[in-house]
Amino acid sequence: MALSSRHLLGLQGVPREDIQTILDTANTFREILERPIKKVPTLQGKTIVNLFYESSTRTRISFELAEKRLSADAINFSVSVSSVSKGETLKDTMKNIEAMKVDMVVVRHSAAGTPLYLTKICNSNIINAGDGTHEHPTQALLDMYSIRQKVGRLEGLKICIVGDIAHSRVALSNIFGLKTMGAKVSVCGPSTMIPRDINNLGIDVIYDIDEAIQENEVLNVLRIQLERKAREYFPSIREYAKYFGITQERLDKNGKDILILHPGPINRGVELSSEVADGSSQIILYQVTNGVAIRMAVLYLLGTLN
Amino acid sequence: MKIVLKNVDIIHPGENINLKATSVLLTDGMISKLGELTNDDISDAREFDYSGKILVPGLFDIHVHLREPGREDEETVVTGCNSAATGGFTGVACMPNTEPAIDSAEVVKFIKEQASNHLVDVFPVAAASLGRKGEIISPMAELIEAGVVAFSDDGVAVKTASVLRRAFEYANMYNAPIIEHCEDESLADGTMNEGINSTLLGLPALPSVAEDIIVSRDILMAEYTGGRVHIAHISTKNSVNLVREAKKKGIKVTSEVTPHHFTLTDDAVKTYDTNMKMNPPLRTQEDVIAIIKGLKDGTIDCIASDHAPHSIEEKESEFQLAPNGIVGLETIVGLSFSELVHKNKISIEDLIRKLSINPRKILNIPIPKFEVGAIANFTIIDPDLVWTVDISKFKSKSKNSPFDKRLLTGKAIAVINRRKMYFDNQWFDLSGA
């Protein structure tokens, strides 16, 4: 039941058996989360550092909870960009942390490839909690887990990822993971937010949200980054909401009961209307709970490998 | 002192010289006899047997960064020249993106002073605009008088078409080329070539069209003003085609390519190795094929290293945060022979044109003469020497090379210039007794 790698850097190239193992293991932990006492001694004595170079409340809390529920010692190391600019290199920071005898490092960084770089300079297990616009594997795993729970399968599943595909680590990890599990993946969004060569990944591109709703069983709707550079890629929030936002009216028009995922936090009234966000077809809060179980599974599988 | 270079094949494409297994006698660093030597000639001369080696006019790198003044921790004029000599070069043109920029006669004089006792000739390229800011042209007349050979805002393109126009017009009074780093600023916030690999790696991308747009602009402006443009480190298929068409129309355009742009593709970035990060970025196989074609048909005039030393601290970092560029002076000959000559893409004569004759022509620098009475300016190359790149042995202060441990065939083994000789890690003064 062991994984084929001692790190989780992304889902590109991760074999089907590994994803299967993680999803199955998450099942066990999902049960534990429903118990009155939610803690197991599995990783007692292990030290895990959450190294966050980018602020992320929910991913960090999710990992921290997962670590604590596995009885690991969790340490948060949040580095603001300002203190980085004061001088310590990532390599020095990592060497210092490792000198304190840690076992695993969960890393979030704005630069793609940072988790891979860490594997070259230290011996800890490295878990990618999001690197730039590259990958966010635990998010994709929890998305797949949630879909599997609700729909019962991933093989042959028709799923569309909606939004800013070009600047999304969630999109890329989902594409890799879902393809490996045999799903039929498409993407939908304004053409400026679709990477030029995405066809090479063997996925369809749809520019019409109604078509995306009609053709698929599941939509994974990404958060539109209103505050960042991504804002330059579409004319206005109003136009985005009108042509790519998912409203109850639009769902009704297409007469579809479609499963809707969202990695959060939601921009209500932009990519999802409040009605849809709170409606019966969405599983957003369910995803959040599953996130802890998935991260427990990953930490357990990697942490007991050594 | 007298030295004899024996049994060497002499190739000088500029003078149509191609002699097999012949000899050269140098007296005090000057050519005193070529061809058959008598016993008298070689008595009391130090002999070098160069059987199987070739002797060519000293190589010239039209695009290097010597970092001095400003970043002496990465390279100095002297260490850069040491690196050049080791790589087989007797002359270099150094780019102006120093701190301060080469935009005043004082900085030019300082750099020339640093190089004054070296075997390697250093020709500064001055900024095209003051401070390389793209606002007002640099004091070109004064800079030419101080000894610069071209103008460039390298690192970036000349910012606006209007400043570029003035730069062409003004520099043209002195027949000096504008060397352009072609990259449209508004498309330039990436770290690697845009394509499937940038998507897979999640890295911000630099589209090839950013280069093509400025190549187009520059060619049109060169045509309009009658100015001379030299396209630095060409890297895309479309840019090669644009230069080819412009040359056909008689527009004064020349171009150079780096060894990494004809050797590697953006597949090499897959490991996020910061030594694969350069600007222009590594492109695709399609671009490499177009570049080789451009080298073959003369669209690309020169091979240049774009030698860009960076400190270990700066390169040992997250890919997106690492600086662009690699050191190249000590691998350019080996890569050119391995990838071009030994793979039958271009002849040795053509390679020597691109590594020695053409860069000097573009910069209006005299080409070394192979005649009695001329100061010897030679590079001696063993085209068949198989060697392994070892960055720890680099003479450059910096070690940021993507070619460490690469097996190459062909290496410069000695250089002679300014009455000095360098071989086997040793410097010799040829003028002394």
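Strand S5(B) and strand S15 (residues 378-388) of chain B pair in the antiparallel sense over 4 bridges, pairing being assigned if DSSP finds at least two bridges between two strands. In general, strands of a sheet pair through backbone hydrogen bonds, either parallel or antiparallel.

Residues are numbered from 1 along each chain as its sequence is written, while chains are lettered from A and ligands numbered from 1 in the order in which they are written. As this is a predicted model, local features need pLDDT of at least 70 and side-chain atom pairs count only at pLDDT 80 or more, whereas totals for chains, interfaces and linings use all residues.

Chain B as a whole contains 13 helices and 18 strands. Its radius of gyration is 21 Å, close to the 22 Å that the globule rule gives for 433 residues, so chain B is as compact as a globular protein of that length; the radius is taken over C-alpha atoms, and the rule is 2.2 Å times the number of residues to the power 0.38. Along the principal axes, the C-alpha atoms of chain B fill a box of roughly 70 × 45 × 45 Å. Of its 433 residues, 57% count as buried, a residue being buried if 20 or more other C-beta atoms, placed from the backbone, lie within 10 Å of its own, exposed if 12 or fewer do, and partly exposed in between. Among the contacts in chain B with a separation of 6 or more, 75% are between residues 24 or more positions apart, a contact being defined by C-beta atoms, placed from the backbone, that lie within 7 Å.

The domain assignment divides chain B into domain 1 (2-55 + 371-429) and domain 2 (59-362), with bounds that come from an automatic or database assignment. The C-alpha centres of these two domains of chain B lie 27 Å apart, and 30 residues of domain 1 are in contact with 43 residues of domain 2. On the side of domain 1 of chain B that touches domain 2, two or more residues are given by each of S15, strand S16 (407-417) and strand S17 (420-423) of chain B, and the largest share, 7 residues, comes from S16(B). This side of domain 1 of chain B divides into 14 nonpolar, 10 polar and 6 charged residues, where Ala, Val, Leu, Ile, Met, Phe, Trp, Tyr, Cys and Pro count as nonpolar, Asp, Glu, Lys and Arg as charged, and the others, Gly among them, as polar.

Chain B also holds an open sheet of 3 strands in the order S6-S7-S8, with parallel pairing. Its edge strands, each pairing on one side only, are S6 (59-64) and S8 (121-124) of chain B, and the twist averages 20° from one strand to the next. Strand S6(B) is joined by 4 bridges to the parallel strand S7 (residues 89-94) of chain B, with Val64(B) opposite Cys94(B). Helix H2 (residues 77-87) of chain B packs on this sheet, touching S6, S7 and S8 of chain B, and its direction makes about 135° with that of S7(B); such angles run from 0 to 180 degrees between N-to-C directions, with axes fitted as lines to C-alpha atoms, for helices over the stretch in contact.

In chain A, the assignment gives domain 1 (16-135 + 288-303) and domain 2 (137-287). Between these domains of chain A, 21 residues of domain 1 are in contact with 20 residues of domain 2, and H12(A) gives the most to the domain 1 side, with 7 residues.

Finally, the contact between the chains takes 16 residues from chain B and 23 residues from chain A. Helix H6 (residues 196-201) of chain B gives the most to the chain B side, with 4 residues.

How values were computed:
Two residues are in contact if their C-beta atoms, placed from the backbone, lie within 7 Å.
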